[in-house]
Amino acid sequence: DWLVSLLRFPCPVSSPTRAQVWFELKTSGLPVITIGLVVAMLIGVLFSGAATFALLRHFAIAIAFLSIPVVLFTLGGNAFGIRRRQGRIYGSAFELTQPYGTTGLVGIKVLVRTTCVLLALAAIVTSLWKSSALLQSWGEWLADGRQDALPNLLKTRGKLGDFFGAMTGFTCFALAVLVSILVASIVTWSAAREALRVRFPRFQRLLAVLMPGWGISVILLALGKRMEILSETVVRTAIVSTIWISGIALVAVSIYLLWRSIAERAFTVGYACCAIALAAAFALAWRVAIPVGDIVAILWFASMILAVIVVAPWALGRVRHA
């Protein structure tokens, strides 16, 4: 808070959109960027200090692997400002009663939070790439007490450099679009999940059980195949069938929420067109950036992104007009 308060700039009063963007930046956007910059500087300090103090090497490698997912899922969540206090989950009365439409409010909140998270992740990734060049100064590092771990780390860094260096400019742009839409989808789903928890706690608990259950079932199928209990045909058939069923369910939910939200004027036709365009852009970007991707997997992820974008204003509308 002290660091953010140093960046003083007045609230623009020329339009409600600029004022809302200013409010989102002051309350959540700038703190996200600040934390990302602090993590990026911490990575540089740990990697440089690890050349002298071997104890810091474990912390440096751990932060290198955990910083991106932790920042993404921690700082990218709760864009709608849902609060918890004394066992009660509720929305901020100040934020939910602002004179702004639900779709416009969702768009601004998600866009500002996504932009700030992307800037924080960019700072962390840049710091990781620059700091990983210091691995050569560490010398020998017996991480497990038996084998030197530095050759494999340097080999991985070299492969990543060759992979991105061989990309064309258009492929890099498609990959940037793909990552941006994925981050925006994670931010949107985290915000919608918190809003659904306020109005439909039982439904949210059901989702919290179904999603890990599906992941555990896939892991069990993979283990069964590895232990030769299940054949490859059975495992592949089960996974593909699950993907098709869940994909059809996602499309059905998206169509239903589109119809209900337009009928209730929860959002406009323009917002629905933007949601469909983003899902199509994700599928196209994936096809360009990762040509070997399976078309079924691409359509499944595109359907999931469409459902997430559609459910966000519907969930926030249920909280605002409860």
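Reader: Is F301 buried or exposed, or in between?
Author: F301 counts as partly exposed, at 29% relative accessibility; buried means under 20% relative accessible area, exposed over 50% and partly exposed in between, with a 1.4 Å probe and protein chains only. This is a predicted model, in which local features need pLDDT of at least 70, side-chain atom pairs count only at pLDDT 80 or more, and totals for chains, interfaces and linings use all residues. Residues are numbered from 1 along each chain as its sequence is written, and side-chain values use heavy atoms, leaving out hydrogens and water.

Reader: And W286?
Author: W286 counts as buried, at 14% relative accessibility.

Reader: How many aromatic pairs are there?
Author: The structure holds two. Rings of Phe, Tyr and Trp (its six-membered ring) pair if their centres lie within 6.5 Å; planes under 30 degrees apart count as stacked, over 60 as edge-to-face and the rest as tilted. F282 and W286 form an edge-to-face pair, 5.7 Å centre to centre with 85 degrees between the planes. The rings of W286 and F301 have centres 5.4 Å apart and planes at 50 degrees, so this pair is tilted.

Reader: What do the ring pairs link into a cluster?
Author: They link F282, W286 and F301.

Reader: Changing topic, at what angle do residues 102-132 and 295-320 pack?
Author: Helices α5 and α11 pack at about 115 degrees, with their axes 9 Å apart. Axes are lines fitted to C-alpha atoms over the stretch in contact, and angles run from 0 to 180 degrees between N-to-C directions. Helices are DSSP runs (H or I, at least four residues), numbered from the N terminus.

Definitions and conventions: Helices (H or I, at least four residues) and strands (E, at least two) are DSSP runs, numbered from the N terminus.
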